[in-house]
2 protein chains.
Amino acid sequence: MEKNPKITANDLEEHIREHDKLRLLLSVTRNISRELEIDRLLMLIMDEVKNALNCDRCSVFLVDREKGELWSKVAHGEKEIRFPSHLGIAGYVASSGEILNIKDAYADYRFNPDIDRKTGYKTFNMLNAPLRNQKGEIIGVFQTLNKKGGAFTVDDEELLSAIAVLSASQIENAQLYEEQRKTFDSFVETLASTIDARDPLTSGHSQRITMYAEEIGKLVDLDDQEQRVLRISSLLHDYGKIAIRESILTKASELTQQEYEHIKEHPNFTKSILERINFSRDLADVPLIASSHHEKLDGSGYPKGLKGDDIPKLSRIIAVADIFDALSSRRHYRDRMPLADIFALLHKEAGSKYDAVFIEALQRMRLDKLVLILEQDDIGQPDQQNLQYLEKFTINDLLDAIKTHVDSELVTGFEKYYLRNYLERPGSKL
Amino acid sequence: MEKNPKITANDLEEHIREHDKLRLLLSVTRNISRELEIDRLLMLIMDEVKNALNCDRCSVFLVDREKGELWSKVAHGEKEIRFPSHLGIAGYVASSGEILNIKDAYADYRFNPDIDRKTGYKTFNMLNAPLRNQKGEIIGVFQTLNKKGGAFTVDDEELLSAIAVLSASQIENAQLYEEQRKTFDSFVETLASTIDARDPLTSGHSQRITMYAEEIGKLVDLDDQEQRVLRISSLLHDYGKIAIRESILTKASELTQQEYEHIKEHPNFTKSILERINFSRDLADVPLIASSHHEKLDGSGYPKGLKGDDIPKLSRIIAVADIFDALSSRRHYRDRMPLADIFALLHKEAGSKYDAVFIEALQRMRLDKLVLILEQDDIGQPDQQNLQYLEKFTINDLLDAIKTHVDSELVTGFEKYYLRNYLERPGSKL
């Protein structure tokens, strides 16, 4: 633009419109640039676009190149939508890279009215734009629905394209971050299982107690961040066993006092090994939490003899998961302990050794989940129908059923998984 | 702004200026939002700001809260500047959070002219702005120097503040990413050393061969990405030993054929364990590279008997590092092999077993670096003066010196570290 133009009202108005668009774009950018967690980022982008374009809905579909699919996070749900990446209008945009401004969705042959039919929503108009990364590859599609008070304008097209450029960068950043985290988490998981594998007796132990701990965590409403720390700490709680001599770890006969003391050193090894790791701030408590899983509320535990609330909350969860797994696993010298006996024992030690809150939470665990954890090593595919039946009950329900009617469908349904060895013997009991 | 204003030339001009600012800001944002690697990001930001503000220089100082320091990456160098976080003008801005537009640097009592004096640069004017994160904490300071054709304006102040908001987000994202990567890398390092520690003979082995491999990598100009894959693969090359029975791993007497075959299984274990890890794309080759370190060029290696270029390049580097460490380490049945003998042996097998390119690169390694790797476990602080002396020579120089004058200062200077046991005995030779 020139320095001394002939000024008209049109010039200025156009300029103001252009200016407002830039301001909007900048505010969207500012907001989305703060978020690096992919799920939250996608939600945030959809929200920002919806507001910036003043329309009713916005979806981001991402290209999953390996599977040849487009997928989208659905707002306010944990589920995602997936479909082959050439289908529908999103698929058309993902392949062609065109911006599609459709004034009347039902008049467009590419539009698939099935989703409207299912949800009861009515799509009038839509604006679609591809998300391109730095290399120019299409990594996804924006789809905005039902502009308020009319159709999408050329200004909307420009704004959405500009937002797409910045969103694509931030989405790729978030994907890199997520990928890196997955690498770390799966590395920790692999390490845990290789350590467990040194001792056939405890094979799968770290994996199982992690699953129990996570279930307890959900039932007492831990937030995402606490859940992650709990998960990593549970997986690593026995890392110190790598420093225990194999001959003692796998000894079939009874341990001498000295050997037992050596084994009791493992939480200290766990701590000193984990303390050498340069954990990020969000995982800074992992060494302490992982190494305090043998502490008891009354101070009779080890390695430090911590008492009550001095034991980290997440360690108290791992302690309950740990004892539960020990008693509900097969040992070469005994079968699983009957569930009723396990909880009788836990209740006796609730408050003195183990935290009653987390024992109680464990009892609220759904039976189908329990079966899946118990059986992950033992059987291939559990009976789906039976699992669906067990879905409706918790450990509490089962304990009640055992007390009152030993031969109920519930007890038998569960027993099938739990005490298979007993079932083959006369006089079996849960 | 109203819809039907009285339009003046001033209005429009101001508007155009404002508009240009927004465009600039947006272009800066677009560029920096693409970079998630902290070092590259900081360089990029400094460059973008310099151009956007049309000035001669820009530095970003970041707050290191733990150390109470400000630090900055220096353009085109690997070094960084560090100073206590209350010093100088950057320190003032970091503490006060003010934007400081200084028309005459030398007239300002807070200005430290030392750096100008050292570098020969002349600072006339400067604009400084704090970088604040989402929580409003100051995470750093922008410092721009010498506006071209005048002093920094109020427009510059506004533009720099706006860039600061977006830069702060992106810097924090990059720091999170970096932190996560450090967590992973130090975890891998810790794992490697715990696995080595199972066998006193190989204690420190993974660490050392990683250092040799990295040195070779530098000398053959691997890029950053290859170096990282090399590093992780070297650290993990013996992970499979976790599945080897301790009794065999630590057996003092000679191994039976069967025991030896069992030990030779470890690259397969390394591979199958590492393949369970959900590696990010940039680390996808780690399982293959880590598990191919016993392959030989002529196909006589294991586990697959790969030949020549079918063996991944990075595995061929690890193979050289591995054999060099084995021969230059003490064993309970022998001392380190004399360096001249090691290279005589390597040259005999160059081309048939080991890649000559990487043997040659290893010979170009500086002697002070070799000493630091050799001695990291054995001695506390190597003699600094001697190290500085050794800095000027490579392994090649030493091999030459051995051939020609056995008693040169170089040979004795190195021997001090290498064959300390021999030195104590009469008739020692290198």
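1. A:P303 sits in the loop that connects α11 (286–291) and α12 (313–328) of chain A. As background, most peptide bonds are trans. The model is a predicted one, and the values in this note are computed from it.

2. Chain B has a cis bond as well. B:Y302 and B:P303 are joined by a cis peptide bond whose omega is about 10 degrees. B:P303 is located in the loop between α11 (286–291) and α12 of chain B.

3. Most residues other than glycine have a negative phi. A:N146, although not a glycine, has a positive phi of about 55 degrees. This residue belongs to strand β6 (residues 138–147) of chain A.

4. In chain B the asparagine to check is B:N54, which is not a glycine but has a positive phi of about 50 degrees. B:N54 is placed in the loop between α2 (38–52) and β1 (55–64) of chain B. With 14 C-beta neighbours inside 10 Å, B:N54 is counted as partly exposed; the exposed class would require 12 or fewer.

5. Next, helix α1 of chain A. This helix covers residues 9–32, which makes 24 residues. From its first C-alpha to its last it reaches 35 Å, close to the 34 Å expected at 1.5 Å a residue. The buried residues in α1(A) are A:L25, A:V28, A:T29 and A:I32. What covers them comes from both chains: it includes α2 (38–53) and α5 (154–197) of chain A, and also α1 (9–32) and α5 (154–197) of chain B.

6. The contact between the chains involves 47 residues of chain A and 45 residues of chain B. On the side of chain A that touches chain B, α1 and α5 of chain A each supply at least two residues. Which helix gives the most to that side? It is α5(A), with 18 residues. By class, the residues of this side of chain A divide into 21 nonpolar, 16 polar and 10 charged.

7. Within chain B, one helix pair can be described in detail. Two packed helices are described by the angle between their axes and the distance between the axes. For α5(B) and α6(B) the angle is about 130 degrees, and the axes are 7 Å apart. That angle makes α5(B) oblique to α6(B). The contact is made by B:A192, B:S193 and B:D196 of α5(B), and by B:H205, B:S206 and B:Q207 of α6(B). Sorted by class, these are one nonpolar, four polar and one charged residues.

8. The last point concerns helix α15 of chain B, residues 367–374. Its buried residues are B:L367, B:L370, B:V371, B:I373 and B:L374. Why do they lie on the same side of α15(B)? They cover an arc of only 165 degrees around the axis, and therefore they share one side of α15(B). In general, an α-helix has 3.6 residues a turn, so residues three or four places apart point the same way. Covering the buried residues of α15(B) are, among others, α6 (205–219), α12 (313–328), α16 (384–390), α17 (395–404) and α18 (409–418) of chain B.

Definitions and conventions: Residues are numbered from 1 along each chain as its sequence is written. Chains are lettered from A and ligands numbered from 1 in the order in which they are written. This is a predicted model: local features need pLDDT of at least 70, side-chain atom pairs count only at pLDDT 80 or more; totals for chains, interfaces and linings use all residues. A residue is buried if 20 or more other C-beta atoms lie within 10 Å of its own, exposed if 12 or fewer, and partly exposed in between; C-beta atoms are placed from the backbone. Helices (H or I, at least four residues) and strands (E, at least two) are DSSP runs, numbered from the N terminus. The arc is that of the directions from the helix axis to the C-beta atoms. Two residues are in contact if their C-beta atoms, placed from the backbone, lie within 7 Å. The expected span of a helix is 1.5 Å times one less than its number of residues. Axes are lines fitted to C-alpha atoms, for helices over the stretch in contact, and angles run from 0 to 180 degrees between N-to-C directions. Angles under 35 degrees count as roughly parallel, over 145 as roughly antiparallel, 65 to 115 as roughly perpendicular and the rest as oblique. Ala, Val, Leu, Ile, Met, Phe, Trp, Tyr, Cys and Pro count as nonpolar, Asp, Glu, Lys and Arg as charged, and the others, Gly among them, as polar.
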